[in-house]
2 protein chains.
Amino acid sequence: MTSKMKLAVGVDIGGTNTVFGLVDAEGNCKAQDAIKTGDYPVVEDFVTAVQERVKALISDCNDPEIIGMGIGAPNANYYTGTIDFAPNLKWKGIVPLVALFAEHFDFPVSLTNDANAAAMGERIYGAAKGVNDLVMVTLGTGLGSGFVVNGELVYGHDGFAGELGHTIVEKNGRECGCGRKGCLETYASATGIVKTAKEFLAKSTDSTLSGLDEITSKSIADAAMEGDKLALDIFDYTAEKLGFSLANTIAISSPKLIVLFGGLAQSGDLIIKPTKKYMEDNLLKIFQNKISIVPSKLKASDAAILGASSLAWQSCN
Amino acid sequence: MTSKMKLAVGVDIGGTNTVFGLVDAEGNCKAQDAIKTGDYPVVEDFVTAVQERVKALISDCNDPEIIGMGIGAPNANYYTGTIDFAPNLKWKGIVPLVALFAEHFDFPVSLTNDANAAAMGERIYGAAKGVNDLVMVTLGTGLGSGFVVNGELVYGHDGFAGELGHTIVEKNGRECGCGRKGCLETYASATGIVKTAKEFLAKSTDSTLSGLDEITSKSIADAAMEGDKLALDIFDYTAEKLGFSLANTIAISSPKLIVLFGGLAQSGDLIIKPTKKYMEDNLLKIFQNKISIVPSKLKASDAAILGASSLAWQSCN
């Protein structure tokens with residue numbers, strides 16, 4: 001008699017799509033499905049739809065042993081198992097998501113925000129396998145981050161730790177969506193780098209970017225890859241803010257590894273090399289030349305499910 | 001038959017004095033002694049002297065059950081149990097202190113730096129009893145810090161985490177002993193506040209401080225207590241830097257509590273009130289009005305021994 005295959009369920013809830021799947025201990029996504037989050041304005045209907053489809057995936061996989069379910073979602077609180085006042089979701093107020101899912105399953109269900117899930121995903125399956133102290137930085141529309149210390153996620157006393165994007169890097173700097181000024185994510189994110197490009201282009205038109213109808217982080221990266229000087233300067237400026245912030249972060253938690261994920265991180269050395277340089281320039285001597293910055297090793301298409309499912313593997317270890 | 005009293009040994013190694021004692025689970029120092037660190041240029045002689053005196057204390061206490069020994073020391077590395085290149089100690093290079101002490105005792109010995117020991121001391125006996133997420137800031141000659149996350153000390157991958165004093169708070173700011181510029185400890189420390197006073201006095205002599213031969217953090221605090229406007233401005237300036245840095249720190253680790261210790265912290269509300277104000281001004285909304293700044297609750301004369309001994313209680317829990 002062979003023993004049952006062990007799998008974890010990962011569910012990633014985004015404003016547009018909710019993706020979910022079954023993942024083995026090595027990070028292979030064995031089956032997955034998705035629904036449109038916005039089709040379910042009533043959260044109970046959403047939970048019914050997801051759990052039905054998850055059960056279908058489980059039965060398709062020859063009835064594996066499910067060790068647990070991890071959910072990544074915006075504004076998620078690990079301690080309470082709730083999603084609290086998420087501006088990009090239709091469910092208002094405080095949503096007791098873990099309790100709602102737990103009614104349908106006999107395995108443990110846990111919930112955290114997407115950046116924490118991504119951090120644990122890198123630690124369980126990805127670029128930070130087995131690393132006990134790491135920082136995950138997701139450079140998307142905003143800047144998300146997740147911290148692992150002593151092998152555990154840092155939730156903080158209220159479940160809201162890990163807001164590196166909202167550390168202030170420039171006093172009286174750019175206005176941030178949070179209502180304050182100079183937050184790191186106003187510089188180091190897809191949105192931030194486009195702002196920088198517009199500022200730079202207002203001073204100089206000597207760039208292939210100046211002919212474009214719309215500037216995106218991708219068009220800036222493409223121009224930089226072609227050697228466009230202004231585009232390279234834009235990356236350098238972005239990296240200076242990020243590298244400086246990472247140096248201050250290292251002084252606090254001294255991670256072994258910093259993992260970058262998201263659109264901007266896909267530009268690889270364009271962002272990693274100058275960020276590493278500015279980070280080293282600002283580091284206390286005892287931390288110099290021993291902390292790596294690496295890109296995520298999770299396949300972008302599976303990363304959200306993998307991250308969420310890693311919460312279940314972590315709890316069962 | 002009554003059960004034996006359980007005690008932990010705490011040893012605090014400073015450049016001038018080494019103090020040690022026996023501490024019960026409630027933080028009462030049952031017996032203590034001290035030697036001059038500088039009298040022992042050979043570390044083996046130092047260990048012999050300390051262990052003999054510790055054994056004498058133990059036998060004086062009616063042969064209690066010793067649960068372990070914790071040592072706080074500058075440049076101490078928890079992982080390796082060594083003191084590495086401490087500029088203020090006579091022992092050069094890498095000193096295997098835990099191994100040297102362990103030869104003499106049959107209970108576990110652990111070592112960390114003074115600020116980490118202080119953080120655990122507050123958690124086990126002091127102002128942060130039972131708090132799982134806290135930041136300890138010691139405002140002495142420099143600025144030391146210790147972080148507790150999920151109930152455990154944050155050592156980082158190399159044992160050197162917790163250098164809040166060397167996060168850069170002013171780009172191209174004051175020169176720091178570490179060779180860089182603008183580190184928090186050049187502003188928020190006994191040395192830093194005296195520098196601020198000298199800068200302020202160079203611009204205005206309208207203060208009782210201008211008549212003094214020597215300015216110390218104590219004389220600034222005394223003047224501020226008397227209502228001296230310039231002295232109050234000096235505290236405000238110091239608090240602005242500290243409050244700003246704490247706000248950025250909170251965004252990362254979201255502690256429930258920040259505990260201040262050391263000379264400057266003894267000025268109480270003079271430093272705590274404006275620091276709290278600037279911290280709140282710079283906090284992301286989700287963190288506002290829920291994180292306290294409090295002074296240490298450990299008796300200053302026992303604090304170093306208590307902090308060190310708390311390492312032993314933590315390990316045995």
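## Secondary structure

Helices here are DSSP runs of H or I with at least four residues, and strands are runs of E with at least two. On that basis chain A of this predicted model holds eight helices and 13 strands.

## Overall shape of chain A

The radius of gyration of chain A is 20 Å, which agrees with the value near 20 Å for a compact globule of 317 residues. The C-alpha trace spans about 65 × 45 × 35 Å along its principal axes.

Buried residues make up 51% of the 317 in chain A. Counting contacts in chain A between residues at least 6 apart in sequence, 62% join residues at least 24 apart.

## Domains of chain A

Where the two domains of chain A meet, 14 residues of domain 1 are in contact with 15 residues of domain 2. Helix H3 (residues 114-124) of chain A supplies the largest share of the domain 1 side, eight residues. By class, that side of domain 1 has seven nonpolar, four polar and three charged residues.

## Contact between chains A and B

Chain A and chain B each give 33 residues to their contact. On the side of chain A, the elements that give two or more residues are strand S10 (143-149) and helix H6 (229-253). The largest share of this side comes from H6(A), with five residues.

What classes of residue make up the side of chain A that touches chain B? There are 14 nonpolar, twelve polar and seven charged residues on that side.

Conventions: Residues are numbered from 1 along each chain as its sequence is written. Chains are lettered from A and ligands numbered from 1 in the order in which they are written. This is a predicted model: local features need pLDDT of at least 70, side-chain atom pairs count only at pLDDT 80 or more; totals for chains, interfaces and linings use all residues. The radius of gyration is taken over C-alpha atoms; the globule rule is 2.2 Å times the number of residues to the power 0.38. A residue is buried if 20 or more other C-beta atoms lie within 10 Å of its own, exposed if 12 or fewer, and partly exposed in between; C-beta atoms are placed from the backbone. Two residues are in contact if their C-beta atoms, placed from the backbone, lie within 7 Å. Ala, Val, Leu, Ile, Met, Phe, Trp, Tyr, Cys and Pro count as nonpolar, Asp, Glu, Lys and Arg as charged, and the others, Gly among them, as polar.
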